[in-house]
Amino acid sequence: MWMNLLLAIATLLLLAGAFGALLGYASVRLRRDDDSLVEQIDAVLPQTQCGQCGYPGCRPYAEAIAEGDAINKCPPGGEATIQSLANLLDVEPQPLDAEHGEEQPKRVAYIREAECIGCTKCIQACPVDAIVGAPKFMHTVIESECTGCDLCVAPCPVDCIDMIEVARGIDDWVPPHPADRPLTHDGPVIATDQRPAEASA
Amino acid sequence: MGTQFDFPGGIHPPDNKLRSLQTPIRQAPLPDRLTVPLRQHRGDPGRVVVAVGDHVLTGQPLSEGQPGRSVPVHAPTSGTITAIKSHEVPHPSGLEETCILIEADGRDQWYELAPCPDSASTAERYDHLHRTGVVGLGGAGFPTRDKLQSAEAAPDVLILNGAECEPYITADQALMRERPDSVVAGALALWRLVGAGRCLIGIEDNKPDAIEALRQSAEGTSVEIRVVAARYPSGGERQLIQLLTGLEVPSGGLPADVGVLCQNVATAVAVDRSLRLGEPVIQRITTLTGEALARPGNIEARIGTPLDHLLFEAGLDPQRLHRLIMGGPLMGFDLTTTGLPLIKTANCLIAGTAGEFPDPPIPQPCIRCGLCEQACPVDLLPQQLYWFASAGEHRKAEHFDLFDCIECGACDWVCPSHLPLTDYYRHSKGVLRQEQKEQAEADHARQRFEERQARLEREQADREERRRARQQAREQRHNVAPAEASEAATAAASSPTAPGPDRETLIQRRDQARQKVEEAQAQLAEAREQTPEAVPKLERALNKHQKRLDAAEKALSDAQEDT
């Protein structure tokens, strides 16, 4: 009987040891590498490269988040980005930190071309090369490439850059949430099977 | 008649089709002004090729399309272009899009049409369809060329969709019963074009007149007329394919994946006219119905005709008009104004009274009765989708196959709580599409940012490289002059260790130096007597030679010590 007991204990210990070793090996060998986490966070961020979060671009902020920074510092992404980050990192979503700015509709930079002196300062500031121009020649913004980051506004010595809201066309239209629709109804709130003029249908 | 297959769910709403079938198809009088939206299809607007003030002829291209992206539109009648500007278009959003406004001259002079030559290859025929602006006329407006080209191989079955299952709409039924020959000609043209194994025309059994007419016209051809039991939404592309062939189009796939090509009957007629006559899509048959109209019926009107012009033709009573719907009552959308133009995809216009289309009752909470699940023709879980969509959990709805929803509205129809379920799904789909679009934009911005970053680093490295090269060049230039001196110094310094001059040369050098010193002493002595002015100079020379002699003697003694 003692033999059986010892055998059972030995078997269990052996199994525990084997699985422990396996898990230990797996945790070392298959460790989630930090880069892939940063990549995933970076994929969620809106890539405006605006620096409103206090980091010089989206990737640095992604790196900071991976190291434990708050997820609510990105105004261009807004609630949607915070929600995605919360899902990704499995943390509680927080409201947007007002210190870093407010969520705004998408905007693009617009250069008032008559006033532009061709200093190229905005071109150097643009993180996505969305401004074309040459020294002493008028500059202009490629609208489809502009992320609306505001970074070109401050360097302009003649203040000729405006941030204008993008007109939303049919392609950007999202059917409204039915609950947001105004009620056109003034009938009873309680359902009834008496429907006027049902017969005519 | 072949085996009858079935699709799940479906509903039997009152079809209300008789009202618009009392009269034959009428021709709408030409309006004075037409508004042609650049986008009347799924895709992007084409590029305008005319200018304000141009005189255009009927059928002349107004825009240029890019296959796979956009489809051209054509002048519906001859006249002068008065403006190219944003104008309200028929769309659920009620937003504006670029339209071409034409003032008709009333002569309706045709542009010279180019039929597709018989020798044309299949690809050329497809491009011909694209150039003549042929899109799906059933309601979705998918570019016909793109749809035909989606099949890599010839499909097994070509299906012409004449089911027209949605209540009120009778445009296809009117076409089939009055012009069965052109429908069969269209079927044959499409069949030749795609080279399918079989060609079926699917019709619901509530259209006996159309079935009879088509049967007669199809006599002697191999086109099969297939009658299906009337049930909404049997006219959905996937549902009709399932009914006629038993094949289910895979989720996220195309009919081509199961070897089927499905086209609306009106589209087939347009394809035939495009290939045979070169005629672009500039008119369509549309149903005008609803209790607010005194003369409902089907009307053939030019694209771009203002809707109020058509409604006036049909005897609209503005007092009784409560809801104006484009499309059917289940899948259509409300229009807020009658100033909109007729577009290629507008198959029906319902001017409903308050009795006919009462305002929807206030939605009550879902009671989980499961009726929606039984009605769903694509076997989704509408209730589950509703929970996710109403709570804003669109991703979860996507995992429950939201994008397989065909938005037929069968679940709305059966819902005892009057929940606008389809509106929730549309909203959810819209949010998800928008998210996808934003994600694509963000990825694009990231790529540009990273490439810029890489470029800046490269430039920095180049500058660094050039700076180093310049510095090196400068150093080299500095070194040219002192090079010999320093070389000599290093040679002298390293002479004890380095294999320096041997003893003989050192002795030779000392002797030479001594000889020079002696000569200098002799010259100096001579000069002191004869030319005193040369004395200092000679003294300096003597000193120099003396030093050299000392250095040479020292070097010699060093060398001797070493050895």
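In the predicted model, the contact draws 31 residues from chain A and 28 residues from chain B. On the side of chain A that touches chain B, 16 residues are nonpolar, 11 are polar and four are charged.

Chain B splits into three parts: domain 1 spans 18-352, domain 2 spans 366-470 and domain 3 spans 501-562. The centres of domain 1 of chain B and domain 3 of chain B, taken over C-alpha atoms, lie 118 Å apart.

A cysteine set in chain B carries an annotation. The unreviewed UniProt entry marks Cys366(B), Cys369(B), Cys372(B) and Cys415(B) as "binding site". These positions are spread over 50 residues of sequence, yet they cluster in space. The largest C-alpha distance among them is 10.7 Å.

Two of these cysteines were examined for their surroundings. Cys366(B) sits in the loop that runs between strand E16 (348-352) and helix H9 (371-375) of chain B. Cys369(B) also lies in the loop between E16 and H9 of chain B. Cys366(B) has 17 C-beta neighbours inside 10 Å and therefore counts as partly exposed. A residue is buried only from 20 or more such neighbours and exposed at 12 or fewer. Cys369(B), with 13 other C-beta atoms within 10 Å, is likewise partly exposed because its count falls between those limits.

Contacts of Cys366(B) reach beyond its sequence surroundings. With residues up to four places away in sequence left out, Cys366(B) touches Gln383(B), Tyr386(B), Ser417(B) and Leu419(B).

Note on methods. Residues are numbered from 1 along each chain as its sequence is written. Chains are lettered from A and ligands numbered from 1 in the order in which they are written. This is a predicted model: local features need pLDDT of at least 70, side-chain atom pairs count only at pLDDT 80 or more; totals for chains, interfaces and linings use all residues. Two residues are in contact if their C-beta atoms, placed from the backbone, lie within 7 Å. Ala, Val, Leu, Ile, Met, Phe, Trp, Tyr, Cys and Pro count as nonpolar, Asp, Glu, Lys and Arg as charged, and the others, Gly among them, as polar. Domain bounds come from an automatic or database domain assignment. UniProt positions are given in the numbering used here, feature names are shortened, and annotations may be inferred rather than shown by experiment. Helices (H or I, at least four residues) and strands (E, at least two) are DSSP runs, numbered from the N terminus.
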